[in-house]
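Student: I have a structure open and would like to go through it piece by piece. Can we start with what the record says and then look at the fold?

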Amino acid sequence: MITKPIVGLPPSLGLQMLKQQSLCASGSPITLSVLCIHCCICVAIPEWLPRKAIGLRTPQVVQPTYLPIHFHHTPRASSQHPISVTSRPSTIATSNNHLIQSLCKKGNLKLALQVLAHEPNPTQHTYELLIISCADQSSLSDAQTVHNKLIGDGFEQDSFLATKLINMYCELDCMDHARQVFDKIYNRTIYVWNALFRALTLKGHGEEVLNLYRRMNQTGIASDRFTYTYVLKACVASKSFVSLLQEGKEIHAHILRHGYESYVHIMTTLVDVYARFGCVEYASYVFNNMPVKNVVSWSAMIACYAKNGRPFEALEVFREMMLETHDLLPNSVTMVSVLQACAALAALEQGKLIHGYILRKGLDSILPVISTLVTMYARCGDLELGRRIFCQMYKRDVVSWNSMISSYGIHGFGAKAIKVFKEMVYHGVSPSPISFVSLLGACSHAGLVEEEYGIYPSVEHYACMVDLLGRANRLDEAAKIIEGMRIEPGPKVWGSLLGSCRIHCNVELADRASRRLFELEPVNAGNYVLLADIYAEAKMWDDVKRVKKLLEARGLQKVPGCSWIEVKRKIYSLTSVDELNPQIEQIHALLLKLSMEMKEKGYVPETKVVLYDLDTEEKERILLGHSEKLAVAFGLINSNKRDAIRITKNLRLCEDCHTFTKFISKFAGREILVRDVNRFHHFKNGVCSCEDYW
Ligand SMILES: [Zn+2]
Ligand SMILES: [Zn+2]
């Protein structure tokens with residue numbers, strides 16, 4: 001197709017370009033035309049061409065001394081000239097520039113760099129495309145070649161290119177280089193600051209961003225809307241354990257002072273930031289005061305509730321969104337949060353309705369949505385439906401596989417979870433850290449301690465291993481693992497150990513674990529309660545009192561037990577001391593009747609789970625008030641006799657409720673599914689699927 005020789009470029013390069021043409025099967029017209037133009041021009045204008053620079057071997061070298069100066073610096077000026085001989089120089093320069101630009105767009109960076117080496121006057125746009133290309137191709141060595149040439153060509157103080165360089169080094173994961181670009185530039189426009197803020201935030205250097213932000217404010221440069229978004233995100237992008245909530249609040253104040261509260265994007269980021277800090281009230285305050293909301297804002301608020309243990313409100317906000325906004329369609333992000341809320345509540349019927357909606361809106365081709373559907377069904381007790389959806393997926397990513405692994409896990413099918421894990425590896429999907437966490441979790445529930453995999457453990461893995469060994473009453477081994485950790489054991493690891501100490505009543509290890517936990521998480525009431533539980537089980541009542549005092553002194557409250565049950569597509573919550581439920585009398589009466597009848601069949605109340613030093617009768621009364629039993633009774637009274645009773649509990653199921661529910665499943669001939677904070681219990685005909693191991 002190209003008949004003319006490629007002149008004006010080193011012969012080897014011309015040949016390469018021809019090869020490149022033949023390698024492109026379709027011979028894309030753009031490349032061809034660019035090449036043709038280039039060749040023609042090079043052939044047509046031989047006299048003044050800086051031959052040495054372009055590597056053309058010829059004896060009559062003409063120094064281009066008469067070239068107008070502006071040609072070097074403003075090549076675009078060519079368009080001002082009529083098409084005549086005078087326009088030649090600039091046409092040549094831009095054609096080389098055009099060639100580089102076109103090669104960059106085509107992804108042929110190597111060739112672009114070879115042309116660059118022979119181009120004395122690359123333009124800003126040429127450098128821009130080269131920089132983007134280096135980032136796309138993840139080539140640090142090329143990036144540095146471009147950067148060095150750019151400095152040589154006098155673009156070092158070009159603030160526009162500085163922003164591009166910072167972005168590039170961020171993508172290449174070289175934050176030192178990005179920082180050097182920033183440090184060397186004198187004219188730091190807001191764009192340069194923003195580029196660095198964005199890069200540092202993406203890499204998790206939140207504190208550095210906030211320090212720089214303070215410096216920027218001192219120099220008097222005003223923030224723009226992007227600045228606020230980046231510095232807000234920086235507050236939740238810190239790798240250290242230090243909370244940057246206070247800084248977030250200060251930025252919030254800045255935003256209000258500078259009149260940016262009407263920017264949807266900024267305010268949505270603010271909702272998200274407060275959500276990540278667990279400040280649900282702040283988030284909802286910001287959200288409710290937003291003059292304009294888009295689908296992202298609604299999704300952020302729904303996610304905030306879903307992720308902060310308030311699934312009821314998440315579904316409520318979703319309902320509001322559907323009622324209030326007719327032109328806003330929920331997107332896949334919204335649906336993922338809504339499904340998570342259904343999963344948290346084990347609201348199977350609600351979940352099915354949402355599934356129907358997803359199908360109608362065609363959101364069922366989006367991977368995260370389907371993966372969450374799998375998890376939702378499994379967590380709502382319908383493992384089979386989740387499995388079927390998983391099997392029908394035409395494409396699966398690591399998240400989908402993880403969903404299936406953890407689904408088997410919470411239902412206690414450790415062996416099946418391992419099978420799915422192996423299948424995933426067989427299909428060439430590399431396991432993510434979450435895969436191992438799900439897998440280890442699954443093994444823990446199934447008691448399969450001996451399965452081992454060669455992994456690079458993170459804190460989560462250690463926590464799982466400790467949990468795994470701890471549950472299997474291999475507490476000493478668990479403690480040894482913690483001692484041998486190469487990374488700092490965080491609250492998760494110590495929390496796992498304390499949880500296992502609770503199961504096996506190991507006071508000595510519990511003391512050790514809780515000492516560390518009280519330092520690491522002074523305001524987590526759960527740890528104090530666990531320790532008090534352990535002391536109570538060991539009948540160390542003075543110590544129980546001491547821990548309870550500690551809890552009060554820190555102004556903390558024990559999380560009250562709460563159970564949810566879905567009856568006829570409505571979700572009801574029951575708490576241990578629930579006097580508001582209109583059926584409470586009926587529920588109590590039924591429980592008392594059942595308890596008496598079951599005692600005759602061999603049910604013995606496990607009064608040891610009551611942590612107060614009371615007489616047996618009083619303890620039994622307290623036991624009957626546990627929210628999970630109330631929910632079972634509520635289900636027996638209100639639901640269809642053929643339907644399974646599905647309950648979710650916010651804490652671990654106590655031993656007595658477990659035994660009680662086993663008896664009821666046989667006594668009343670009902671299937672009862674209870675999901676506690678750890679796993680699923682499927683009660684049927686007097687036995688539980690967990691085989692009393694949870
Ligand atoms: Zn209980
Ligand atoms: Zn069970």
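**Repeats, core and sheet**

Tutor: This is a predicted model.

Student: Change of topic. Which residues touch the most other members of the largest nonpolar core?

Tutor: Ile-166, Val-271 and Leu-497 do, in a core of 172 residues. Helix H19, residues 332-345, gives the most to this core, with 9 residues.

Student: What does Ile-166 touch?

Tutor: Leaving out residues up to four places away in sequence, Ile-166 touches Ala-178, Val-181, Phe-182, Ala-195, Leu-196 and Ala-199. As background, nonpolar side chains in soluble globular proteins tend to be buried together.

Student: Now the sheet. What is the strand order?

Tutor: The order is E2-E1-E3-E4-E5-E6, in an open sheet of 6 strands with mixed pairing. Strands E2 (570-575) and E6 (687-688) are at the edges with a single partner strand each, so one side of each has no neighbour in the sheet.

Student: How does E3 run relative to E4, parallel or antiparallel?

Tutor: Parallel: 4 bridges join E3 (residues 645-649) to E4. Between them the chain passes through helix H35 (residues 655-667), and this β-α-β crossover is right-handed. Ile-647 stands opposite Val-674 in E4.

Student: What about E4 and E5, parallel or antiparallel?

Tutor: Antiparallel, with 4 bridges between E4 (residues 672-675) and E5 (residues 680-684). A hairpin of 4 residues joins the two strands. Ile-672 faces Phe-683 across the pair, and Arg-675 stands opposite Phe-680.

Student: Are the faces of E4 covered or open?

Tutor: Both are covered: Ile-672 and Val-674 are buried on one side, and Leu-673 and Arg-675 are buried on the other.

Student: Where is Asn-678?

Tutor: Asn-678 is in the loop between E4 and E5.

Student: Why does Asn-678 count as partly exposed?

Tutor: Because Asn-678 has 19 C-beta neighbours inside 10 Å, and a buried residue needs 20 or more.

Student: What does Asn-678 touch?

Tutor: Arg-652 and Trp-694, not counting residues up to four places away in sequence. The C-alpha atom of Asn-678 is also 9.3 Å from that of Gly-441, although the two are 237 residues apart along the chain.

Conventions. Residues numbered from 1 in each chain as written. Chains lettered and ligands numbered in written order. Predicted model: local features only at pLDDT ≥ 70, side-chain atom pairs only at ≥ 80, totals over all residues. Core = buried A, V, L, I, M, F, W, Y, C linked by C-beta atoms within 7 Å. Buried ≥ 20, exposed ≤ 12 C-beta atoms within 10 Å, placed from the backbone. Contact = placed C-beta atoms within 7 Å. Pairing = 2+ DSSP bridges. Right-handed = clockwise from strand over helix to strand, strands pointing away.
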